Amino acid sequence: MNNLSDPSNTPLAPIWSMRPMLGPFHDVLPLRLLAPGSSEPWDVNDIHRANSRYHAAEPLGESGTPGGLWFMNTGKTLEDADLQVLLERHEIFRLNSMLFVSGGLAGLLAELDLGRGGLHRVPVYMQDGTTEFRRDVFLLEFPNAKDTVNRDATPRCKPLYPNRPDTTFKLPMSLAGRDVFVKSDAVGPPDLWFDPMIDQTQFASDAAAQRLIAEGHDVSFDLNQCKLLDP
């Protein structure tokens with residue numbers, strides 16, 4: 001018997017929802033993705049395909065991992081030295097849908113169980129296109145999928161496409177303080193993953209979430225603890 005009649009009594013789950021790929025939590029730095037294995041700009045259609053795979057919890061492989069990041073000459077007053085400061089200040093940023101991390105956050109994530117994913121070093125080039133910045137930057141990839149959300153029990157978990165109601169679901173844009181009910185089968189490694197039925201939301205183990213919170217990354221990852229129904 002579950003206790004949905006009184007959600008306040010529902011136990012917290014060792015699972016947290018997160019949305020590190022959304023929202024105003026990360027600056028989008030003035031960097032351009034370079035094609036895999038190349039120093040040339042990446043074709044926009046190929047970027048779109050890689051983004052779709054990233055969202056679908058599919059491994060990017062060599063053909064989907066950028067060959068580098070290049071500081072675009074935007075015609076503004078930002079110089080290489082200014083971007084170096086931004087790279088040191090921001091331990092997480094996004095380009096398109098992909099997440100890039102550095103510094104202490106990269107070290108923290110390297111200690112987690114990333115399953116089929118990992119941290120892939122990506123060189124970041126100055127405006128001359130050949131000189132690298134003094135900052136190790138990594139693509140964060142976690143292409144792990146687990147059936148996680150109890151959609152019938154979770155308020156406001158609705159079909160993303162009304163004409164295809166059983167394909168993909170969405171949750172409210174703000175999950176802070178909201179009840180997201182999850183399945184006990186989803187507890188366990190890896191530490192970061194996607195629910196393939198839920199759009200724009202990812203999940204973290206309790207161990208991973210607690211580490212991120214302790215290091216001040218709860219806002220960057222938009223962490224919100226889920227709830228677990230009684231069996």
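User: A disulfide is a pair of cysteine sulfur atoms within 2.5 Å; how many disulfides does the structure hold?

Analyst: The structure holds zero disulfides. This is a predicted model, in which local features need pLDDT of at least 70 and side-chain atom pairs count only at pLDDT 80 or more, while totals for chains, interfaces and linings use all residues. Residues are numbered from 1 along each chain as its sequence is written, and side-chain values use heavy atoms, with hydrogens and water left out.

User: Which residues have the most contacts inside the largest nonpolar core?

Analyst: A nonpolar core is a set of buried Ala, Val, Leu, Ile, Met, Phe, Trp, Tyr and Cys residues joined through side-chain atoms within 4.5 Å. The largest one here has 47 residues, and those with the most contacts inside it are Leu31, Tyr54, Leu69, Leu87, Phe93 and Phe100. Apart from it lies another core, of 15 residues, which includes Cys226 along with Ala13, Val182 and Leu228. Leu69 has contacts (heavy atoms within 4.5 Å) with residues including Leu31, Phe93, Phe100 and Val137, when residues up to four places away in sequence are not counted.

User: How many aromatic pairs are there?

Analyst: Rings of Phe, Tyr and Trp (its six-membered ring) pair if their centres lie within 6.5 Å, and planes under 30 degrees apart count as stacked, over 60 as edge-to-face and the rest as tilted. By this rule there are five aromatic pairs. The pair of Phe93 and Phe100 is stacked, because the ring centres are 5.6 Å apart and the planes are at 15°. Phe93 is buried, with a relative accessible area of 1%, and Phe100 is buried at 0%. Phe142 and Phe194 form another stacked pair, with 4.9 Å from centre to centre and 20° between the planes.

User: Which charged residue lies over the face of Trp193?

Analyst: A charge sits over a ring if NZ of Lys or CZ of Arg is within 6 Å of the ring centre and within 35 degrees of the ring normal. Lys146 lies over the face of Trp193, at 3.5 Å from the ring centre, and the charged end of Arg151 sits over the ring of Phe169, 4.8 Å from its centre.

Technical notes:
Buried means under 20% relative accessible area, exposed over 50%, partly exposed in between (1.4 Å probe, protein chains only). A disulfide is a pair of cysteine sulfur atoms within 2.5 Å.
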